[in-house]
Number of protein chains: 2
Amino acid sequence: MSDGQKFTDVNTYGEFGLIDHLTNSFTNLHENTIKGVGDDAAVIKNVKDYTVLTTDMLVEGIHFDLMYSPLKHLGYKAVVVNLSDVYAMNVRPSHITVSIALSSKYSVEALEELYDGIQAACSMYKVDLVGGDTTSSPRGMAISVTALGTTQNFESITFRSGARKGDIICVTGNLGASYLGLQLLEREKQLYLSDPNIQPELDQHSYLLERQLKPEANKRAIDYFEKVNLVPTSMIDLSDGLSSDLLHICKRSEVGAYIEEGKIPMMEEVKKVALEFNMDPISCALNGGEDYELLFTIDQSKIEKIRFMPDMHIIGEIVDASDGTTLHTTGGNIHRLTAQGWHHF
Amino acid sequence: MSDGQKFTDVNTYGEFGLIDHLTNSFTNLHENTIKGVGDDAAVIKNVKDYTVLTTDMLVEGIHFDLMYSPLKHLGYKAVVVNLSDVYAMNVRPSHITVSIALSSKYSVEALEELYDGIQAACSMYKVDLVGGDTTSSPRGMAISVTALGTTQNFESITFRSGARKGDIICVTGNLGASYLGLQLLEREKQLYLSDPNIQPELDQHSYLLERQLKPEANKRAIDYFEKVNLVPTSMIDLSDGLSSDLLHICKRSEVGAYIEEGKIPMMEEVKKVALEFNMDPISCALNGGEDYELLFTIDQSKIEKIRFMPDMHIIGEIVDASDGTTLHTTGGNIHRLTAQGWHHF
């Protein structure tokens, strides 16, 4: 918080006035939101048959650093990472609740920024904020979001457990950018801490930074599946890293998989910046995490349906569990994949 | 954690193995829980028309102190305070998600205790744990629970906003015990910190302590309403204190209220211990909070229906908003009620 910025103490409003203040500019987009914020609980009319429910918590010092995470982006990201989990079930999210614990060093203005980001995500993804809790914390901030979506059609829900031998493995977008965005931010932070007069050099890396600070969930893929009438056999969102998330599918589906190094989508910028950090670009793609792209499998006979799917890449095939889960390198070697994704402890 | 206790590092299992380990003894009680823990999201079949959704976060150092909160009780309480919000809508809870952030100082055994309490609450209140997140925190613990319940009948959902002039104000159970339980625990903690050889003297106050450490949600009241076919005009659960929570009803219903001091239910033990702390017992009942009893209003014409309701007390009446929200003391004075409940900032 720079000098001269307005600082309104959160106690000005009291806990309840504060929630009202922060949420009164939110409008509900879903007709079935009967009661949103403001009672013991929200009420949602069930117009569809199945509810999909997920929750995720972001903790300061673990999942974000307020030295370089703008609060608005943080609010946006906290919502998006949850919506991504609903999309990964092949379902559109409709409602969220948000709980925030924060210390008294944060002003009402800081909370307003955070809620601006939450509102931007609600508007972008057409979800209604229907509840939450704003409470204090002795130090640091934690944001817990629960997201809910519904569908009429049980057969269209995509679990991690449905991959079968011979299925094609596909991934959307490109990988590794978010992780390298984080490395850039960490590097600039260290430089800044050593000499606050150094200006950050981040402008030429805006794509990588945006992937880290303000990721998007892939709702276009879900729209596409509906359009071509395709249900993937399994799907997961890439939060922990391709390697770890593919292993989740393999474990739940009781299968193995191989993926080809040369097919893994990466931006040129990812390759360039990885080398700056003396990192192997493929490791960033495999283990970086926080890509929020979708990893899915489809039956080989359905391949025609995805031939024209935008920004989608076929990277491998499901095999027998006994064949393990492996990476075929461009050099012709075979490596066993291990879960090296986010270790939060 | 005392010496000699088993300490298994949480990294032993990895994030995903850990969730499996902690939740594999949970069994789903609801047939409509199609998919619980273990995918991007849970799937619940909607067999009833309306979903009620609430969320709450408990933060170490604000809402609980691990010096005197056994982890099992803490897990139980984190669930119960959310279920209480669903009951306060006159709806039975059915599903929960639980997110926990904790530092690496906690062992797997500690988490197991916490989940034992979560499981005990799930079993007691017949709710299914269908998702969650276990992540780390630089220090301290935070538990965020989301609870969901469903009902067929919209007319039976009880909001804060339905109280009308002339309605009778009722409260279940007794008030102030949880707050005094907290005072006792704080006093013993200070004594212990000043001299660790002092043995705590808490045995004779087990009721007050249990109300603080392991509160229950009032599902019996909801069963009773159904049995006698009564829908309260408004209802709220007493988490912030009678005074603050009555003001919520008055604000949302755009009415005033008076309650009579002499009618507010308090245990003899509450009166006795309050005096030990030089506190006014009525202040403990009005402003203590965390009672998790139900405060509700009913139409005067329905009074016969609650005449035999167990453990229920008529404490006042709804009046015009212009008459304010007041306490009539046994001495014949009238005090305006103010929100002096929990201040979390």
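Me: Is Tyr292(A) buried or exposed?
Reply: In this predicted model, local features need pLDDT of at least 70, side-chain atom pairs count only at pLDDT 80 or more, and totals for chains, interfaces and linings use all residues. Residues are numbered from 1 along each chain as its sequence is written, while chains are lettered from A and ligands numbered from 1 in the order in which they are written. A residue is buried if 20 or more other C-beta atoms, placed from the backbone, lie within 10 Å of its own, exposed if 12 or fewer, and partly exposed in between. Because 24 other C-beta atoms lie within 10 Å of Tyr292(A), this residue counts as buried.

Me: Is Asn229(A) buried or exposed?
Reply: The phi angle of Asn229(A) is near 55 degrees, a positive value in a residue other than glycine. Since Asn229(A) has 9 C-beta neighbours inside 10 Å, its class is exposed.

Me: Which kind of axis relates the two copies?
Reply: With copies superposed by least squares on the C-alpha atoms of residues with pLDDT of at least 70 in both, a rotation of 180 degrees with 0.0 Å of shift along its axis places chain B on chain A (RMSD 0.0 Å). The two copies are therefore related as by a two-fold rotation axis.
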